[in-house]
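This report covers an annotated site and a set of charged pairs.

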Amino acid sequence: MSHLRIDGERLLGRLRALGGIGRDGDGRLVRLAASDADRAGRDAVAGWMREAGLEVMLDRIGNLFGVWDPGASDAAPLMLGSHIDTVIDAGIYDGCYGVLGGLEVVQTLREAGVAPARPIVVGAFTNEEGVRYAPDMMGSLVFAGGLGVEAALATVGTDGTVLGEELARIGHAGPHEPGFLRPHAYLELHVEQGPVLEREGVPIGAVENLQGISWQRVTIEGEANHAGTTPMSMRRDAGQAAARVVTFLRDRVSRSNAPTVATVGCMVFEPNAINVIPSRAVFTVDLRDPDEARLLAEEVALARYLEELAAAEGVAITVERLARFQPVTFDPSIVRAIEAAAAAHGLRCRRMTSGAGHDAQMMARVCPAAMIFVPSAGGISHNPREHTGLADLVAGANVLLDVARELAGAPG
(Lines give C-alpha, C1' and ligand atoms only; values in the text may rest on other atoms or scores of the structure.)
Protein backbone atom coordinates (compact mmCIF):
# COMPACT_ATOMS: atom_id res chain seq x y z
CA MET A 1 0.00 0.00 0.00
CA SER A 2 1.23 3.50 -0.77
CA HIS A 3 2.40 5.56 2.20
CA LEU A 4 1.05 8.70 0.50
CA ARG A 5 -2.12 10.32 1.83
CA ILE A 6 -4.14 13.19 0.43
CA ASP A 7 -4.58 16.43 2.39
CA GLY A 8 -8.13 16.08 3.73
CA GLU A 9 -8.41 19.61 5.04
CA ARG A 10 -7.32 21.04 1.69
CA LEU A 11 -9.89 18.88 -0.11
CA LEU A 12 -12.68 19.85 2.28
CA GLY A 13 -11.69 23.51 2.14
CA ARG A 14 -11.96 23.54 -1.64
CA LEU A 15 -15.30 21.71 -1.53
CA ARG A 16 -16.64 24.34 0.85
CA ALA A 17 -15.20 27.19 -1.19
CA LEU A 18 -16.70 25.86 -4.42
CA GLY A 19 -19.96 25.24 -2.57
CA GLY A 20 -20.11 28.93 -1.75
CA ILE A 21 -19.98 29.93 -5.42
CA GLY A 22 -23.37 30.31 -7.11
CA ARG A 23 -25.59 31.10 -4.14
CA ASP A 24 -28.76 32.97 -5.06
CA GLY A 25 -30.58 35.60 -3.00
CA ASP A 26 -32.16 32.91 -0.86
CA GLY A 27 -28.83 31.21 -0.18
CA ARG A 28 -29.54 28.28 -2.53
CA LEU A 29 -26.67 26.77 -4.51
CA VAL A 30 -27.66 27.13 -8.18
CA ARG A 31 -24.75 26.71 -10.59
CA LEU A 32 -26.41 25.76 -13.86
CA ALA A 33 -24.35 24.94 -16.94
CA ALA A 34 -22.86 27.92 -18.80
CA SER A 35 -24.36 30.44 -16.36
CA ASP A 36 -22.51 33.27 -14.65
CA ALA A 37 -22.34 31.10 -11.53
CA ASP A 38 -20.86 28.26 -13.59
CA ARG A 39 -18.23 30.65 -14.93
CA ALA A 40 -17.27 31.64 -11.39
CA GLY A 41 -17.01 27.99 -10.37
CA ARG A 42 -15.00 27.09 -13.44
CA ASP A 43 -12.62 29.98 -12.87
CA ALA A 44 -12.04 28.85 -9.29
CA VAL A 45 -11.31 25.27 -10.34
CA ALA A 46 -9.04 26.42 -13.17
CA GLY A 47 -7.17 28.58 -10.68
CA TRP A 48 -6.62 25.64 -8.34
CA MET A 49 -5.46 23.55 -11.29
CA ARG A 50 -2.83 26.16 -12.18
CA GLU A 51 -1.75 26.41 -8.53
CA ALA A 52 -1.21 22.64 -8.59
CA GLY A 53 1.02 22.94 -11.66
CA LEU A 54 -1.47 21.69 -14.25
CA GLU A 55 -1.91 23.05 -17.77
CA VAL A 56 -5.53 24.21 -18.18
CA MET A 57 -7.26 23.32 -21.45
CA LEU A 58 -10.80 23.71 -22.80
CA ASP A 59 -12.58 21.97 -25.65
CA ARG A 60 -15.37 23.44 -27.79
CA ILE A 61 -18.19 22.08 -25.62
CA GLY A 62 -16.58 23.71 -22.59
CA ASN A 63 -15.12 20.62 -20.94
CA LEU A 64 -12.40 21.86 -18.59
CA PHE A 65 -9.17 19.86 -18.22
CA GLY A 66 -6.10 20.20 -16.05
CA VAL A 67 -3.20 18.25 -17.57
CA TRP A 68 -0.15 17.05 -15.66
CA ASP A 69 2.56 15.52 -17.82
CA PRO A 70 5.78 15.55 -15.80
CA GLY A 71 7.67 13.36 -18.26
CA ALA A 72 6.38 14.94 -21.48
CA SER A 73 5.14 11.44 -22.31
CA ASP A 74 3.40 10.37 -25.51
CA ALA A 75 1.43 7.79 -23.53
CA ALA A 76 -2.34 8.09 -23.33
CA PRO A 77 -3.33 9.86 -20.11
CA LEU A 78 -5.22 8.60 -17.12
CA MET A 79 -8.28 10.81 -16.63
CA LEU A 80 -9.90 11.56 -13.26
CA GLY A 81 -12.94 13.76 -13.00
CA SER A 82 -16.63 14.50 -12.86
CA HIS A 83 -18.55 17.81 -13.09
CA ILE A 84 -19.19 21.03 -11.15
CA ASP A 85 -22.57 22.17 -12.52
CA THR A 86 -25.46 21.66 -10.11
CA VAL A 87 -29.19 21.20 -9.87
CA ILE A 88 -31.32 23.97 -8.35
CA ASP A 89 -30.86 24.20 -4.56
CA ALA A 90 -28.02 21.68 -4.58
CA GLY A 91 -25.59 20.20 -2.11
CA ILE A 92 -21.85 20.78 -2.38
CA TYR A 93 -20.54 17.26 -3.06
CA ASP A 94 -22.30 15.90 -6.17
CA GLY A 95 -19.75 15.96 -8.98
CA CYS A 96 -17.49 18.49 -7.27
CA TYR A 97 -15.98 15.79 -5.04
CA GLY A 98 -14.80 13.86 -8.11
CA VAL A 99 -13.16 16.90 -9.72
CA LEU A 100 -11.53 18.21 -6.55
CA GLY A 101 -10.63 14.70 -5.40
CA GLY A 102 -8.85 14.13 -8.69
CA LEU A 103 -7.05 17.45 -8.32
CA GLU A 104 -6.01 16.48 -4.78
CA VAL A 105 -4.57 13.20 -6.08
CA VAL A 106 -2.42 14.98 -8.66
CA GLN A 107 -1.28 17.61 -6.17
CA THR A 108 -0.36 14.92 -3.63
CA LEU A 109 1.73 13.05 -6.20
CA ARG A 110 3.46 16.23 -7.40
CA GLU A 111 4.31 17.37 -3.88
CA ALA A 112 5.76 13.93 -3.10
CA GLY A 113 7.92 14.02 -6.22
CA VAL A 114 6.20 10.97 -7.70
CA ALA A 115 6.33 11.01 -11.51
CA PRO A 116 3.86 8.68 -13.27
CA ALA A 117 4.70 6.94 -16.52
CA ARG A 118 1.73 8.51 -18.26
CA PRO A 119 0.05 11.94 -17.95
CA ILE A 120 -2.83 12.44 -15.54
CA VAL A 121 -5.74 14.68 -16.54
CA VAL A 122 -8.36 16.11 -14.20
CA GLY A 123 -11.62 16.80 -16.06
CA ALA A 124 -14.75 18.80 -15.26
CA PHE A 125 -17.40 17.98 -17.87
CA THR A 126 -20.00 20.47 -19.07
CA ASN A 127 -23.72 20.17 -18.27
CA GLU A 128 -23.75 16.84 -16.48
CA GLU A 129 -26.96 17.64 -14.63
CA GLY A 130 -28.97 18.63 -17.72
CA VAL A 131 -31.08 21.16 -15.81
CA ARG A 132 -30.65 24.08 -18.22
CA TYR A 133 -29.80 22.12 -21.38
CA ALA A 134 -30.79 18.59 -22.41
CA PRO A 135 -29.58 15.90 -22.44
CA ASP A 136 -27.73 15.48 -19.18
CA MET A 137 -24.12 14.25 -19.22
CA MET A 138 -23.78 16.32 -22.38
CA GLY A 139 -20.11 17.27 -22.13
CA SER A 140 -18.91 13.69 -21.66
CA LEU A 141 -21.37 12.43 -24.29
CA VAL A 142 -19.94 14.85 -26.86
CA PHE A 143 -16.39 14.02 -25.74
CA ALA A 144 -17.09 10.32 -26.31
CA GLY A 145 -18.56 10.94 -29.77
CA GLY A 146 -22.17 10.14 -28.86
CA LEU A 147 -23.46 13.60 -29.83
CA GLY A 148 -22.09 15.97 -32.45
CA VAL A 149 -20.49 19.11 -31.11
CA GLU A 150 -22.43 21.41 -33.47
CA ALA A 151 -25.75 19.91 -32.44
CA ALA A 152 -24.82 20.22 -28.78
CA LEU A 153 -23.74 23.84 -29.13
CA ALA A 154 -27.04 24.65 -30.86
CA THR A 155 -29.08 23.29 -27.92
CA VAL A 156 -31.70 25.73 -26.67
CA GLY A 157 -32.06 25.86 -22.91
CA THR A 158 -35.11 26.07 -20.69
CA ASP A 159 -34.56 29.84 -20.53
CA GLY A 160 -34.32 30.26 -24.32
CA THR A 161 -30.54 30.65 -24.38
CA VAL A 162 -28.27 28.76 -26.79
CA LEU A 163 -25.52 26.71 -25.17
CA GLY A 164 -22.78 27.67 -27.63
CA GLU A 165 -23.53 31.36 -27.25
CA GLU A 166 -23.54 31.09 -23.47
CA LEU A 167 -20.23 29.22 -23.37
CA ALA A 168 -18.69 31.96 -25.50
CA ARG A 169 -20.23 34.66 -23.31
CA ILE A 170 -18.72 33.24 -20.13
CA GLY A 171 -15.35 32.66 -21.82
CA HIS A 172 -15.40 28.87 -21.66
CA ALA A 173 -15.77 27.91 -25.31
CA GLY A 174 -12.39 26.32 -25.93
CA PRO A 175 -10.40 25.76 -29.13
CA HIS A 176 -9.92 22.00 -28.91
CA GLU A 177 -12.18 19.45 -30.55
CA PRO A 178 -13.95 17.21 -28.01
CA GLY A 179 -12.07 13.95 -27.70
CA PHE A 180 -8.70 15.55 -28.44
CA LEU A 181 -7.45 13.68 -25.37
CA ARG A 182 -7.86 9.91 -25.70
CA PRO A 183 -7.63 8.46 -22.19
CA HIS A 184 -5.88 5.25 -21.23
CA ALA A 185 -8.54 4.88 -18.54
CA TYR A 186 -11.11 6.99 -16.69
CA LEU A 187 -11.83 6.88 -12.96
CA GLU A 188 -14.56 8.87 -11.22
CA LEU A 189 -14.90 9.43 -7.47
CA HIS A 190 -18.43 10.30 -6.35
CA VAL A 191 -20.74 10.40 -3.36
CA GLU A 192 -23.20 7.53 -3.62
CA GLN A 193 -26.36 9.69 -3.69
CA GLY A 194 -28.18 6.75 -2.14
CA PRO A 195 -28.51 4.96 1.22
CA VAL A 196 -26.79 1.61 0.64
CA LEU A 197 -23.25 2.25 1.88
CA GLU A 198 -24.34 4.12 4.99
CA ARG A 199 -27.02 1.55 5.82
CA GLU A 200 -24.52 -1.31 5.56
CA GLY A 201 -21.68 0.54 7.29
CA VAL A 202 -19.39 0.16 4.26
CA PRO A 203 -17.09 3.12 3.48
CA ILE A 204 -16.17 2.28 -0.14
CA GLY A 205 -18.28 1.21 -3.09
CA ALA A 206 -16.62 -0.34 -6.15
CA VAL A 207 -19.14 0.48 -8.86
CA GLU A 208 -19.26 -2.38 -11.34
CA ASN A 209 -22.21 -1.27 -13.48
CA LEU A 210 -24.66 1.55 -14.06
CA GLN A 211 -28.36 1.48 -14.79
CA GLY A 212 -29.82 2.14 -18.20
CA ILE A 213 -31.96 5.27 -18.37
CA SER A 214 -35.06 6.01 -20.43
CA TRP A 215 -36.56 9.53 -20.30
CA GLN A 216 -39.84 10.30 -22.06
CA ARG A 217 -42.25 13.21 -22.13
CA VAL A 218 -45.91 12.22 -22.38
CA THR A 219 -48.62 14.62 -23.56
CA ILE A 220 -52.30 13.78 -23.05
CA GLU A 221 -54.93 15.86 -24.87
CA GLY A 222 -58.48 15.80 -23.52
CA GLU A 223 -61.22 18.40 -23.34
CA ALA A 224 -61.71 21.25 -20.87
CA ASN A 225 -65.17 21.43 -19.32
CA HIS A 226 -67.01 22.55 -16.22
CA ALA A 227 -65.93 20.64 -13.11
CA GLY A 228 -69.39 20.75 -11.57
CA THR A 229 -71.73 20.09 -14.44
CA THR A 230 -69.92 17.38 -16.43
CA PRO A 231 -70.71 13.81 -15.28
CA MET A 232 -67.67 11.63 -14.63
CA SER A 233 -68.70 9.18 -17.34
CA MET A 234 -68.83 11.96 -19.96
CA ARG A 235 -65.43 13.50 -19.35
CA ARG A 236 -62.27 13.45 -21.47
CA ASP A 237 -60.10 14.28 -18.48
CA ALA A 238 -56.39 14.59 -19.29
CA GLY A 239 -55.56 14.92 -15.60
CA GLN A 240 -57.35 11.73 -14.65
CA ALA A 241 -55.59 9.88 -17.48
CA ALA A 242 -52.22 11.19 -16.31
CA ALA A 243 -52.93 9.99 -12.80
CA ARG A 244 -53.70 6.52 -14.12
CA VAL A 245 -50.26 6.41 -15.77
CA VAL A 246 -48.60 7.26 -12.46
CA THR A 247 -50.42 4.48 -10.61
CA PHE A 248 -49.80 2.03 -13.46
CA LEU A 249 -46.06 2.58 -13.22
CA ARG A 250 -46.06 2.35 -9.45
CA ASP A 251 -48.11 -0.83 -9.37
CA ARG A 252 -46.15 -2.54 -12.14
CA VAL A 253 -42.74 -1.85 -10.60
CA SER A 254 -43.94 -2.73 -7.09
CA ARG A 255 -45.12 -6.16 -8.25
CA SER A 256 -41.78 -6.93 -9.85
CA ASN A 257 -38.84 -8.53 -8.09
CA ALA A 258 -36.48 -6.67 -10.41
CA PRO A 259 -34.52 -3.53 -9.44
CA THR A 260 -36.49 -1.44 -11.96
CA VAL A 261 -37.46 2.05 -10.82
CA ALA A 262 -40.02 4.42 -12.38
CA THR A 263 -40.53 8.11 -11.63
CA VAL A 264 -42.93 10.78 -12.83
CA GLY A 265 -40.93 13.85 -11.89
CA CYS A 266 -42.67 16.67 -13.73
CA MET A 267 -46.37 17.24 -14.43
CA VAL A 268 -48.30 20.26 -15.73
CA PHE A 269 -52.04 20.60 -16.32
CA GLU A 270 -53.84 23.06 -18.57
CA PRO A 271 -55.73 25.27 -18.02
CA ASN A 272 -54.64 24.58 -14.42
CA ALA A 273 -57.81 25.91 -12.78
CA ILE A 274 -59.51 24.39 -9.75
CA ASN A 275 -62.95 24.24 -11.38
CA VAL A 276 -61.98 23.20 -14.91
CA ILE A 277 -61.40 19.63 -16.12
CA PRO A 278 -57.84 19.52 -17.49
CA SER A 279 -57.70 19.61 -21.28
CA ARG A 280 -53.99 18.83 -21.39
CA ALA A 281 -51.47 17.05 -19.18
CA VAL A 282 -47.75 16.99 -19.86
CA PHE A 283 -45.47 14.86 -17.69
CA THR A 284 -42.15 13.03 -17.72
CA VAL A 285 -41.40 9.36 -17.17
CA ASP A 286 -37.99 8.23 -15.94
CA LEU A 287 -37.40 4.45 -16.23
CA ARG A 288 -34.18 2.83 -15.02
CA ASP A 289 -32.85 -0.71 -14.85
CA PRO A 290 -29.34 -2.23 -14.96
CA ASP A 291 -30.53 -4.86 -17.47
CA GLU A 292 -31.18 -3.73 -21.05
CA ALA A 293 -33.77 -6.43 -21.77
CA ARG A 294 -35.82 -5.50 -18.71
CA LEU A 295 -35.59 -1.79 -19.53
CA LEU A 296 -36.85 -2.48 -23.05
CA ALA A 297 -39.70 -4.56 -21.62
CA GLU A 298 -40.76 -1.69 -19.35
CA GLU A 299 -40.73 0.73 -22.26
CA VAL A 300 -42.91 -1.63 -24.31
CA ALA A 301 -45.30 -2.14 -21.40
CA LEU A 302 -45.71 1.60 -20.96
CA ALA A 303 -46.33 2.12 -24.68
CA ARG A 304 -49.03 -0.56 -24.72
CA TYR A 305 -50.70 0.87 -21.63
CA LEU A 306 -50.78 4.35 -23.17
CA GLU A 307 -52.54 2.94 -26.25
CA GLU A 308 -55.15 1.21 -24.08
CA LEU A 309 -55.57 4.32 -21.93
CA ALA A 310 -56.16 6.59 -24.92
CA ALA A 311 -59.00 4.37 -26.10
CA ALA A 312 -60.53 3.94 -22.65
CA GLU A 313 -60.45 7.63 -21.69
CA GLY A 314 -61.16 9.14 -25.10
CA VAL A 315 -57.94 11.16 -25.09
CA ALA A 316 -55.04 11.57 -27.51
CA ILE A 317 -51.57 10.63 -26.26
CA THR A 318 -48.20 11.45 -27.80
CA VAL A 319 -44.75 10.52 -26.51
CA GLU A 320 -41.41 12.27 -27.04
CA ARG A 321 -38.15 10.55 -26.19
CA LEU A 322 -35.86 12.87 -24.25
CA ALA A 323 -32.91 10.58 -23.54
CA ARG A 324 -32.00 6.91 -23.77
CA PHE A 325 -28.81 5.37 -22.42
CA GLN A 326 -28.10 1.66 -22.25
CA PRO A 327 -26.79 0.06 -19.05
CA VAL A 328 -23.01 0.17 -18.66
CA THR A 329 -20.66 -2.48 -17.31
CA PHE A 330 -17.45 -0.98 -15.97
CA ASP A 331 -13.98 -2.42 -16.48
CA PRO A 332 -13.54 -5.48 -14.22
CA SER A 333 -9.81 -4.96 -13.71
CA ILE A 334 -10.32 -1.41 -12.42
CA VAL A 335 -13.14 -2.58 -10.16
CA ARG A 336 -10.77 -5.20 -8.71
CA ALA A 337 -8.09 -2.52 -8.25
CA ILE A 338 -10.57 -0.42 -6.25
CA GLU A 339 -11.35 -3.40 -4.03
CA ALA A 340 -7.64 -4.11 -3.52
CA ALA A 341 -6.88 -0.48 -2.65
CA ALA A 342 -9.73 -0.39 -0.14
CA ALA A 343 -8.51 -3.62 1.46
CA ALA A 344 -4.96 -2.26 1.68
CA HIS A 345 -6.34 0.68 3.67
CA GLY A 346 -8.28 -1.67 5.93
CA LEU A 347 -11.60 -0.45 4.52
CA ARG A 348 -14.64 -2.58 3.83
CA CYS A 349 -15.78 -2.44 0.22
CA ARG A 350 -18.78 -3.73 -1.68
CA ARG A 351 -19.51 -4.00 -5.37
CA MET A 352 -22.57 -2.06 -6.40
CA THR A 353 -24.72 -0.65 -9.18
CA SER A 354 -25.10 3.07 -9.70
CA GLY A 355 -28.73 4.11 -9.91
CA ALA A 356 -27.79 7.59 -11.14
CA GLY A 357 -26.24 8.55 -14.44
CA HIS A 358 -22.63 9.77 -14.42
CA ASP A 359 -19.99 10.99 -16.85
CA ALA A 360 -18.22 7.65 -16.35
CA GLN A 361 -20.90 5.88 -18.37
CA MET A 362 -20.07 8.05 -21.39
CA MET A 363 -16.32 7.68 -20.91
CA ALA A 364 -16.75 3.90 -20.81
CA ARG A 365 -17.52 4.16 -24.54
CA VAL A 366 -13.95 5.19 -25.32
CA CYS A 367 -11.75 3.68 -22.60
CA PRO A 368 -11.78 1.36 -19.57
CA ALA A 369 -13.69 3.12 -16.78
CA ALA A 370 -15.03 2.62 -13.29
CA MET A 371 -16.28 4.55 -10.28
CA ILE A 372 -15.61 4.79 -6.55
CA PHE A 373 -18.50 5.62 -4.22
CA VAL A 374 -18.43 6.91 -0.65
CA PRO A 375 -21.47 7.08 1.66
CA SER A 376 -24.09 9.82 1.49
CA ALA A 377 -25.59 10.69 4.89
CA GLY A 378 -29.21 9.58 4.88
CA GLY A 379 -28.89 8.73 1.19
CA ILE A 380 -29.71 12.37 0.43
CA SER A 381 -28.51 14.13 -2.73
CA HIS A 382 -29.70 16.90 -5.08
CA ASN A 383 -30.57 18.65 -1.85
CA PRO A 384 -28.77 21.21 0.36
CA ARG A 385 -28.74 18.60 3.15
CA GLU A 386 -26.44 16.40 1.04
CA HIS A 387 -23.49 15.48 3.28
CA THR A 388 -20.53 13.13 3.49
CA GLY A 389 -18.26 13.19 6.53
CA LEU A 390 -14.60 14.16 6.31
CA ALA A 391 -13.39 10.65 7.19
CA ASP A 392 -15.37 9.16 4.28
CA LEU A 393 -14.25 11.91 1.90
CA VAL A 394 -10.62 11.28 2.81
CA ALA A 395 -11.01 7.49 2.59
CA GLY A 396 -12.45 7.70 -0.91
CA ALA A 397 -9.78 10.12 -2.10
CA ASN A 398 -7.00 7.91 -0.72
CA VAL A 399 -8.42 4.89 -2.55
CA LEU A 400 -8.59 7.05 -5.69
CA LEU A 401 -4.94 8.02 -5.10
CA ASP A 402 -3.76 4.43 -4.92
CA VAL A 403 -5.77 3.23 -7.92
CA ALA A 404 -4.70 6.27 -9.97
CA ARG A 405 -1.09 5.63 -9.05
CA GLU A 406 -1.40 2.06 -10.31
CA LEU A 407 -3.21 3.00 -13.54
CA ALA A 408 -0.80 5.83 -14.30
CA GLY A 409 2.25 3.65 -13.74
CA ALA A 410 3.63 5.76 -10.92
CA PRO A 411 6.56 4.22 -8.97
CA GLY A 412 6.04 2.94 -5.44
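## Salt bridges

A salt bridge here is a side-chain nitrogen of Lys or Arg within 4 Å of a carboxyl oxygen of Asp or Glu. In this predicted model, Asp-289 meets that criterion with Arg-294, the closest N and O atoms being 2.9 Å apart. Asp-289 is buried because its relative accessible area is 0%, whereas Arg-294, at 32%, counts as partly exposed.

The structure holds 24 salt bridges. One of them pairs Asp-36 with Arg-169, with closest N and O atoms 2.7 Å apart. Asp-36 belongs to helix 2 and Arg-169 to helix 6, so this pair ties together parts 133 residues apart in sequence. Asp-36 is partly exposed at 43% relative accessibility, and Arg-169 is partly exposed at 40%.

Arg-132 and Glu-166 form a salt bridge at 2.8 Å between the closest N and O atoms. Arg-132 sits in the loop between strand 4 and helix 4 and Glu-166 in helix 6, so the pair links parts 34 residues apart in sequence. Both Arg-132 and Glu-166 are buried. Through shared partners, salt bridges join Asp-36, Arg-39, Arg-132, Asp-159, Glu-166 and Arg-169 into one network.

## Annotated binding site

The unreviewed UniProt entry annotates His-83, Asp-94 and His-190 as "binding site". These residues spread over 108 residues of sequence but cluster in space, with a largest C-alpha distance of 10.1 Å.

His-83 is in strand 3 and is buried, at 0% relative accessibility. The His-83 side chain reaches the backbone oxygen of Asp-85 at 3.0 Å. Asp-94 lies in the loop between strand 3 and helix 3 and is buried at 7%. Contacts of Asp-94 include His-83, His-190 and Glu-386.

How values were computed:
Residues numbered from 1 in each chain as written. Predicted model: local features only at pLDDT ≥ 70, side-chain atom pairs only at ≥ 80, totals over all residues. Heavy atoms only, no water. UniProt positions renumbered as here; feature names shortened; annotations may be inferred. Helix = DSSP H or I, 4+ residues; strand = E, 2+ residues; numbered from the N terminus. Buried < 20%, exposed > 50% of the residue type's maximum accessible area, 1.4 Å probe, protein only. Polar contact = N/O pair within 3.5 Å; in protein donor to acceptor, adjacent residues only side chain to side chain. Contact = heavy atoms within 4.5 Å. Lists of a residue's contacts leave out its neighbours within four places in sequence.
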